[in-house]
Amino acid sequence: MAFKKSSNNKLSQAALIKHILKRCSSLGRKQQQHYDDVPKGHFVVYVGENRSRYVIPISFLSRPEFQTLLHQAEEEFGFNHDMGLIIPCEEQTFESLTSLLRF
């Protein structure tokens with residue numbers, strides 16, 4: 001069953017993505033030594049219990065599969081902390097998802 005996305009929903013998703021990008025870029029300025037290896041067009045997330053660090057393309061932010069993870073991250077951790085964006089899922093699950101999103 002398909003649902004029609006309302007323009008308000010698209011606006012809130014756009015606002016969420018803008019907030020995440022702003023947050024990620026401000027963290028990079030505060031802790032530049034930890035982000036020197038992040039290529040342009042990418043950002044850092046931390047995944048799993050061990051908070052493993054992953055560098056992923058910004059283009060993932062627009063994918064519905066990744067947006068589901070972002071909503072879970074917001075509910076569980078919020079976006080106001082100094083560590084960066086934490087994704088609440090197992091590393092193996094995250095790696096499987098991101099390998100599918102690259103195509």
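This is a predicted model: local features need pLDDT of at least 70, side-chain atom pairs count only at pLDDT 80 or more; totals for chains, interfaces and linings use all residues.
Which side chains meet in a salt bridge?

**Stop 1: the whole chain.** Start with a cartoon view of everything. Trace them from the N terminus and the order reads α-β-β-α-β-α. The protein has 103 residues, and 38% of them count as buried.

Stop 2: Now select residues 42–47, which are strand β1, and residues 52–57, which are strand β2. These two strands pair in the antiparallel sense, over six bridges. For one example, click on Val-44, then on Val-55, its bridge partner in β2. Four residues sit between the two strands of this hairpin. Pick out Gly-48 in the turn: its phi is positive, about 80°.

**Stop 3: the salt bridge.** Show the side chains of Arg-63 and Glu-65. Here's the pair from the opening: these two side chains meet in a salt bridge, at 3.7 Å from N to O. Side chains of opposite charge can pair when their charged atoms come close. A search of the whole structure finds one salt bridge.

**Stop 4: Gln-67.** Select residues 64–76, helix α2, and find Gln-67 in it. Buried or exposed, what would you say about Gln-67? Its relative accessibility is 10%, so Gln-67 counts as buried; the cut-off for buried is under 20%. Follow the side chain of Gln-67 and you'll see it reach the backbone oxygen of Leu-61, at 3.1 Å.

**Stop 5: the core.** Select Val-45, Ile-56, Phe-66, Ile-87 and Phe-94. In the largest nonpolar core, which has 18 residues, these five touch the most other members. Colour by element next: β1, β2, α2, β3 (85–87) and α3 (91–101) each give two or more residues to this core. The biggest giver is α2, with four. In soluble globular proteins, nonpolar side chains tend to be buried together.

**Last stop: Ile-87.** Centre the view on Ile-87 and ignore its neighbours within four places in sequence. Its contacts then include Val-45, Tyr-46 and Val-47, along with Gly-48 from the hairpin turn. Also on the list are Phe-66, Leu-69, Leu-70, Phe-77 and Phe-94.

Notes:
Residues are numbered from 1 along each chain as its sequence is written. Side-chain values use heavy atoms; hydrogens and water are left out. Two strands pair if DSSP finds at least two bridges between them. Buried means under 20% relative accessible area, exposed over 50%, partly exposed in between (1.4 Å probe, protein chains only). A polar contact is a pair of N or O atoms within 3.5 Å; within protein, one must be able to donate a hydrogen and the other to accept it, and residues adjacent in sequence count only if both atoms are side-chain atoms. A salt bridge is a side-chain nitrogen of Lys or Arg within 4 Å of a carboxyl oxygen of Asp or Glu. A nonpolar core is a set of buried Ala, Val, Leu, Ile, Met, Phe, Trp, Tyr and Cys residues joined through side-chain atoms within 4.5 Å. Contact means heavy atoms within 4.5 Å.
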